[in-house]
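I opened this notebook to record what I looked up in one protein model. The entries follow the order in which I consulted it.

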Amino acid sequence: MEYNTAMNLVELAERIRSLRIDQRLTLEEVASRTGLTRSWLSKVENFRVTPSLPALAEIAKALGVPTSKLVEGLDEKPSLTMVRKNERKVVQRDQSEANTSVYESLAHRRKSRSMDPFMITIPPGVAREEALPHLGEEFLLVESGNVDFEYDGDVFKLQSGDSLYFDASVPHRLVNSYKKQAVVLCIFQSPQA
C-alpha cells in the first residue's frame, strides 16, 4: 500500500497507541526498539507530528505488525459519514493528572479527512501542562462555559459563543481557570501533502 502523508493523523495515532497498549508496551520500550525518542513517539501518539515512512516502518516493526496494517483503510473517503451524538469516539490526547479534558471525535467514521472536529469537555481548573504547537490551522468555538486561550504568551478570555481561527504552528493551549466545566468545539485542519 502506498503511504499517503495526507492521511488522517488522528486515526494513525490511535492505531499506534492501541497496538502499544494492547501489547503492554511503554513508550520507553518502543523507543528502545526503534531508536526513536520517547518524546517524539509521544508526539506521534498525540497527533502532533507525522511519522516519515521509515519511522512508521520502525514503529510497525517494534509493534510486530506490517506497516500496511497501520495505514490500512486510512485513505478511504466516503462522500458522507454521520456520527450521532451517542456514537462519538473518545480520543486520548495529552492526558495527565493535570489535564483531564475529554476529546470526542465528531468525524471518526471518515478515515481520510483534512479536518478533525472534536468536542472538548474541560473540567474546572484544568489545562494542558504547556502550550504546544502542531501543523495546520485550527478553529475553536466555545459552546458553553468560559475558557482562557493562551497563544504565543498572550491570554484571551473567551465566553460561550466566542470563536477563534488561528495558525496552530504557534504554541497554544486552552485553560479552564473557572468554577464551571467548559465545552469547546475544536476543528484541526491538517496540511495536505
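**Entry 1. A residue in strand 9**

I began with Asn-176, which is found in strand 9 (residues 172–176). The model is a predicted one: local features need pLDDT of at least 70, side-chain atom pairs count only at pLDDT 80 or more, and totals for chains, interfaces and linings use all residues. Residues are numbered from 1 along each chain as its sequence is written, and side-chain values use heavy atoms, with hydrogens and water left out. I noted that helices (H or I, at least four residues) and strands (E, at least two) are DSSP runs, numbered from the N terminus.

Is Asn-176 buried or exposed? Asn-176 counts as buried because its relative accessibility is 0%. Here buried means under 20% relative accessible area, exposed over 50%, and partly exposed in between, with a 1.4 Å probe and protein chains only.

I then looked up the polar contacts of Asn-176. Such a contact is a pair of N or O atoms within 3.5 Å; within protein, one must be able to donate a hydrogen and the other to accept it, and residues adjacent in sequence count only if both atoms are side-chain atoms. The side chain of Asn-176 reaches the backbone nitrogen of Tyr-178 at 3.0 Å. A polar atom of that side chain also lies 2.9 Å from the backbone oxygen of Lys-180.

Which residues does Asn-176 contact when its neighbours within four places in sequence are left aside? I found Ile-122, Pro-123, Pro-124, Gly-125, Val-126, Asn-146, Gln-181 and Ala-182. Contact means heavy atoms within 4.5 Å.

**Entry 2**

Two strands pair if DSSP finds at least two bridges between them. Strand 6 (residues 146–151) and strand 7 run antiparallel and are joined by six bridges. Within strand 7, Leu-158 stands opposite Val-147.

I turned to another open sheet, in which six strands take the order 1-2-3-10-5-8 with antiparallel pairing. Its edge strands are strand 1 (89–91) and strand 8 (163–167), each of which pairs on one side only. On average, neighbouring strands of this sheet are turned by 25° against each other, direction ignored. Helix 1 (residues 9–22) packs on the sheet and touches strand 1 and strand 3; its direction makes about 75° with that of strand 1. Axes are lines fitted to C-alpha atoms, for helices over the stretch in contact, and angles run from 0 to 180 degrees between N-to-C directions.

**Entry 2. Strands 3 and 10**

How many residues of strand 10 (residues 182–189) are buried? Six of its eight residues are, so strand 10 is largely enclosed by the rest of the structure. Strand 3 is mostly covered, with seven of its eight residues buried.

I next read the pairings. Strand 10 pairs with strand 3 (residues 115–122) in the antiparallel sense over eight bridges. Val-183 is the bridge partner of Thr-121, and Val-184 is that of Ile-120. Strand 10 also pairs with strand 5 (residues 137–144), antiparallel, over seven bridges. There, Gln-189 is the partner of Glu-137, and Leu-185 is the partner of Leu-141. Strand 2 (residues 102–105) runs antiparallel to strand 3 and is joined to it by four bridges. In strand 3, Met-119 stands opposite Glu-104.

**Entry 3. Two helices**

I looked up how helix 2 (residues 27–34) meets helix 4 (residues 53–63): their axes come within 9 Å and cross at roughly 115°. From helix 2, Val-30, Arg-33 and Thr-34 meet Glu-58, Ile-59, Ala-62 and Leu-63 in helix 4. By class, this contact has four nonpolar, one polar and two charged residues. Ala, Val, Leu, Ile, Met, Phe, Trp, Tyr, Cys and Pro count as nonpolar, Asp, Glu, Lys and Arg as charged, and the others, Gly among them, as polar.

**Entry 4. The whole protein**

The secondary structure comes to five helices and ten strands. Of the 193 residues, 45% count as buried. Among contacts with a separation of 6 or more, 68% are between residues 24 or more positions apart.
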